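Please look at the two chains shown below.

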Amino acid sequence: MESLTNRKKVVSDKPMTLWEKAYLPAIISGMMTTMRHMFRKRKTIKYPEETREFAPVYRGQHVLKRDEQGRENCTACGLCAVACPAEAITMTSAERERGQEQLYREEKYAATYEINMLRCIFCGLCEEACPKEAIFLTDRLVPTFFERDNFIYGKDKLVETLDERIDITNRQHTGKRSQI
Amino acid sequence: MDTALLIEKSILVLLLFLVSLGAAAYMTYFERKLAAWIQDRVGPDRAGPFGILQPIADGVKMFLKEDFIPAKADKWLFIIGPGIAMFTALITSAVVPWGPKLHLFGRDIALQVADINIGILYVFGVLSVGVYGIMIGGWASNNKYSLYGAIRASSQMISYELAMGVSAITIVLLSGSLSLNDIVTQQSGVWNVFYQPVAFFIFFVCSLAELNRAPFDLPECESELVGGYHTEYSSMKLGLYLFAEYTSMFVSSAIMAILFFGGYHFPGMSHFSGNTLAILGIAALAIKIFIFIFVIMWIRWTIPRFRFDQLMHLGWKTLLPLSLINLLITGLVIAFKNGWF
């Protein structure tokens, strides 16, 4: 059969020659190899001080976006929860009252919105399902906690604050996102 | 006995003790660093700058661990085991001449704790006792892995001590003395390794086996025997075993440097005299020891472990005949030179 790769090697089990039986040449060549490695550049990334560069499409902790005027995009339609294969998302909806127009973009909004980060598999299907460009995955990592309760992220942790907007322009290219 | 001599020797003993332990501690650090470099890693770098305080952190960790003695273990032997290992590792250095005579406070101070005229025999005797630490510890643990490790250690030591002893005898033939001091003094011109490269090679390989270092680290091979003879040990008892290994590595490197590489001699030695010479001599010996330690570690992180039958094959069928032939040729050459034929 035609070889599919160029890595094929013909092996043989012919008895070793005296030169090979002496082992010393092989040992010395092995030691030269390790000696070369001693002066190689280290591949280690010293984690807390340096971090590995994230891919632009990295799927980390979620963010609930606001629009240009600082209104929450989420309308609590529940499509993300339906799309979620891990069933990590729960929400309750509420109707926007008069005078809350600067808070919520649509007439309906998410009164509570919780993602269980222990259940979440960071597949990004919620983001794909969202028709309102409300939920996105970002390059932030979910930290570790000692208690399971701490992994259930509510709106306090998910919604971006007005003075600290999360930039997602370089991340997922879903083609339906606003500029901020 | 002369009081000054007593004080002088006590200080020397104390210094040797501290230096051996300090060297062993920093060898653990160096070993980890070297392993890391060979594997393209950085190694310990958290404790202090470049991780220089790592041995201290390790020591503190060892002391703080639970000191556990298994219920079915032979309690006293279990305690004595690591003690013997450490004791024998430390007392070997007593006969090592560390440098030329120092001249301090109007006295000539020999940098050797005991210049006994059977230095080599003493070294070999103590090395042989060293296996008892491993044997007793492994047996007292009452654990099959420990016992296997102990059995392997003892059979390995017996097999390799023969070839090692024979190659040391060639050196004795060459110098005509069993005293390490005499052997070193005679190497002021040409080092023994240039007369006896084969003997040195055999001695080096056997030292690796005696030290239970890779590729001969079968007594403690993790993949087969969990931890080998120290499987059941914890806390500072384990620490003592590991420390003893590094201390004997230090001392063995010193012995190799003395028997084959001229001890404290270095090229261009005749230009110096007095205390400068003594200090340079100590430095020369230290550098030689360091190079040996480096090579031993380098070998460990390069060569995979022998199988047990390969180990025995190498010891009995290769190294022992080789050393005997070498001894025979050396003897014949010396006899010819002396005109005995």
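B:Phe50 is partly exposed, because 14 other C-beta atoms lie within 10 Å; a residue counts as buried with 20 or more other C-beta atoms within 10 Å of its own, as exposed with 12 or fewer, and as partly exposed in between, the C-beta atoms being placed from the backbone. B:Phe50 is not a glycine, yet its phi is positive, about 55°. B:Phe50 is found in the loop between α1 (3–38) and α2 (54–64) of chain B; helices (H or I, at least four residues) and strands (E, at least two) are DSSP runs, numbered from the N terminus.

This is a predicted model, in which local features need pLDDT of at least 70 and side-chain atom pairs count only at pLDDT 80 or more, while totals for chains, interfaces and linings use all residues. Residues are numbered from 1 along each chain as its sequence is written, and chains are lettered from A and ligands numbered from 1 in the order in which they are written.

Chain A also has a residue with positive phi: A:Glu87, which is not a glycine, has phi near 55°. A:Glu87 lies in the loop between α3 (79–83) and β2 (89–95) of chain A. Because A:Glu87 has 11 C-beta neighbours inside 10 Å, it counts as exposed.

Chain B contains 12 helices and two strands, in the order α-α-α-β-β-α-α-α-α-α-α-α-α-α. A compact globule of 341 residues would have a radius of gyration near 20 Å, and the 21 Å of chain B agrees with this; the radius is taken over C-alpha atoms, and the globule rule is 2.2 Å times the number of residues to the power 0.38. Of the 341 residues in chain B, 45% are buried.

Chain A has five helices and five strands, which run α-α-β-α-β-β-α-β-β-α from the N terminus on. Its radius of gyration is 27 Å, well over the 16 Å given by the globule rule for 180 residues, so chain A is more spread out than a compact globule. The C-alpha trace of chain A spans about 95 × 45 × 35 Å along its principal axes. Buried residues are 16% of the 180 in chain A.

Where the chains meet, 10 residues of chain A and 10 residues of chain B take part; two residues are in contact if their C-beta atoms, placed from the backbone, lie within 7 Å.

Within chain B, how do two helices pack? Two packed helices are described by the angle between their axes and the distance between the axes. For helix α4 (residues 119–140) and helix α5 (residues 144–175) of chain B, the angle is about 175° and the axes are 8 Å apart. Axes are lines fitted to C-alpha atoms, for helices over the stretch in contact, and angles run from 0 to 180 degrees between N-to-C directions. α4(B) and α5(B) are therefore roughly antiparallel to each other, a term for angles over 145 degrees. Residues of α4(B) in this contact include B:Phe124 and B:Trp139, and those of α5(B) include B:Met157 and B:Val172.

Helix α8(B) is mostly covered, with 11 of its 14 residues buried. Among them are B:Phe200, B:Phe203 and B:Glu210. The buried residues of α8(B) pack against α4, α5, α7 (192–195), α10 (235–260), α11 (274–300) and α12 (308–337) of chain B. After α8(B) comes B:Asn212, with a positive phi near 60°.

Notes: Parallel < 35°, antiparallel > 145°, perpendicular 65-115°, else oblique.
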